[in-house]
Amino acid sequence: MRRLLLERAVWLVPTLLLATFGVFWLIHLAPGDPAITLAGENATARQIAAIRHELGLDQPFLLQYWHWLTHAWRGNLGTSLNTREGVAGAIGHALPVTLQLVLGGLLLAAVLGTIAGIVSARRAGTSTDAAVSTLASAGAAIPSFWLGLVLISMFALGTHWFPATGSVALTSNPGQALRHLVLPSIALGVSGAAEIARQLRAVLIDILGSDHIRTLRAKGLSERRIVWLHALKGAAVPLMTIVGLQVSRFLGAAVVVEAVFGISGIGSLVVGAAQNHDYPVVEGVVVVMALIVIVVNFAVDVSYRIFDPRIR
Amino acid sequence: MVTLDPVSSRLPDAARGPAPSAWRSRRGLRQWLWGDWRSRLATCVLALVLVMAIAAPLIARYSPTAQDFIPFRGPSSAHWLGTDDLGRDVWSRLVYGARASIEAAGIAVCLALAIGVPIGLIAGFRGGWVDAVLMRIADTVLSFPGIILAIAITAVLGPGLVHSMLAVGIVFSPSIARLMRSQVLVTKERLYVDAAVSFGNPPSRTVARHIVPNSIQPVVIQATFMLGLAVIAEASLSFVGLGVQYPSPSFGGMLQSASQFISVHPFGVYPPGVAIALIVLAFNALGDSLRDVLDPLASTRRAARLAARASTRRGHRPEAPGGRHVPEGH
């Protein structure tokens, strides 16, 4: 088991190398010279050349990548062209805000999606099932940021139940933080819940029709016990797969949801950087996001082995 | 595969002949677009949107950028959907926004197909190290959250409708490549391919005549779902200011300006949002019905596959179950 995990963990390295190289190459293609941007408007050619040298831009591409990689390994992702601050520091500030939101959305999606999936699988073919399925296709078609706008106009501006914008760190004031999290988490989570419900339904219908469930029924186990204990356990691996895929989706969708709720997380950081040609920041954010997704995929993979010992 | 003959459907996949091309028959087309109430509704919605997009100048009642009217008006006979913050007619902007949206979806999905289909074909047909390298790259691209990678590519290309949708197309392409590859791997083992090769057909002819036509169906189904995702991606990128640029009308841009005045005029949020949701629902419904027409066994087979995965999964990166997932678009 331990050797296997190690083996899988070693495979993360080439993926990460390829991902960082791809991003570095992409950013390298960008038009414009960061040295000219940094030097300001009245810079002489000599000053620009000096900055190019300082940034290492006069070196061959592969060498630049190697420098960037070794710095990144030590946690130095370069300097923002606009604020002149460290990229790693800016990401460190923004990331907890975004992760808080993604976790909120994920929790909501998992709970809501599982319940909806179970309800429609148990009542497959009935009008309840049809209603849940219709809701799920609607939930999957609504853009999460638009749902956010609708929620703001209904529950923040209409009734003042929840704050419309901003965010509070969970560590500083948990009560306020949760109040701020409710609407963005719903906006983010609904599409994921729809996806989870749709797929869990298919899996559960299949499992509920299988032989071992028939045996359990014959044994006289209550239907509730069968569904929540035995069938759900059988659905754990596909369920983890779906939930794992949502992490990547939510990290992306959070960018736009943050813009709606005026939350200054990764979204506002990367969008601002993209508009201002602040390439080191874009590069840093993309790499950190890929790192998170790769680690989550790894965790999902490990969870298969915990849920289902038959998987080697 | 509209009609199922009871014998061949029980045979293992490889023993069956080439799939009858349901989509070239008029009956298949009719069942796809007009088979049940869902697909009828979807066809009507998309036909309407297409007409809006093509004949926008005739259908819009005013110029989408004319700021001639009193701002924040509700719906009336003069302005069906009211006016926005700058006194522009919302219906006219919506019509032109639909045009941008359809254009965007077309660009993104065409590019995804143009990149993904050949790569998947080469990877699946050649196999070996070519396959390993190409799929490694595809997996790497898939490990970025889609929207964030699209933002990074747009940052390099510069903002705008075409650039942002080229970025989305690049982000979509690895899922197409993976799907195409998995289909080619199955198709190239079929008897009729062996027969074609043993008759002395050159590889290019075998690929063009036998492998591509018999592998492409699931890709087309996937592409239909991607059209909906691309509409959401366009709205998202335009909302944060990287897609369609001000003052050109787009659903995302309309939502952006409506969101700034949401406390004054909350109604402004609804027309573009409902339009997006309807278009996406319509694409999804047509994707579902296309799958039913082309592959009536898909739902049973999908369930079997999921069950098989649950028991025998080995340590590979999971592929999306259900065959409908594409790396996120919103």
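**Notebook: chains A and B**

I read chain A from the N terminus on, and its elements run α-α-α-α-α-α-α-α-α-α-α-α-α. That comes to 13 helices and zero strands. Helices (H or I, at least four residues) and strands (E, at least two) are DSSP runs, numbered from the N terminus. The C-alpha trace of chain A spans about 85 × 55 × 35 Å along its principal axes.

I note that this is a predicted model, where local features need pLDDT of at least 70, side-chain atom pairs count only at pLDDT 80 or more, and totals for chains, interfaces and linings use all residues. Residues are numbered from 1 along each chain as its sequence is written, chains are lettered from A and ligands numbered from 1 in the order in which they are written, and side-chain values use heavy atoms, with hydrogens and water left out.

**Interface**

I looked up the contacts next (heavy atoms within 4.5 Å). Here 52 residues of chain B touch 67 residues of chain A. The buried area is about 5200 Å², and carbon and sulfur atoms give 72% of that. Buried area is the accessible area (1.4 Å probe) that two parts lose on being put together, summed over both.

I then searched for polar contacts (N or O atoms within 3.5 Å; within protein, one able to donate a hydrogen and the other to accept it; residues adjacent in sequence count only if both atoms are side-chain atoms). Four residue pairs qualify across the interface of chain B and chain A, both residues at pLDDT 80 or more. On the chain B side, the elements giving two or more residues are H5 (128-142), H6 (146-157), H10 (217-239), H11, H12 (270-294) and H13 (298-312). By class, that side has 32 nonpolar, 13 polar and seven charged residues.

**Salt bridges**

I counted salt bridges (a side-chain nitrogen of Lys or Arg within 4 Å of a carboxyl oxygen of Asp or Glu). Over all chains there are nine. Between chain B and chain A there are zero. One bridge joins B:Arg38 and B:Asp288, with the closest N and O atoms 3.4 Å apart. B:Arg38 sits in H2 (residues 37-54) and B:Asp288 in H12 of chain B, 250 residues apart.

**Cavities**

I looked for cavities (on a 1 Å grid over the protein atoms alone, sets of points where a 1.4 Å probe fits but cannot get out). There are four of 30 Å³ or more.

Conventions
On a 1 Å grid over the protein atoms alone, a cavity is a set of points where a 1.4 Å probe fits but cannot get out, and a pocket is an open set with protein on both sides within 12 Å along at least five of seven lines; lining residues have an atom within 4 Å of a point. Grid points are joined across faces, edges and corners, and a volume is the space filled by probe spheres set on the points. Ala, Val, Leu, Ile, Met, Phe, Trp, Tyr, Cys and Pro count as nonpolar, Asp, Glu, Lys and Arg as charged, and the others, Gly among them, as polar.
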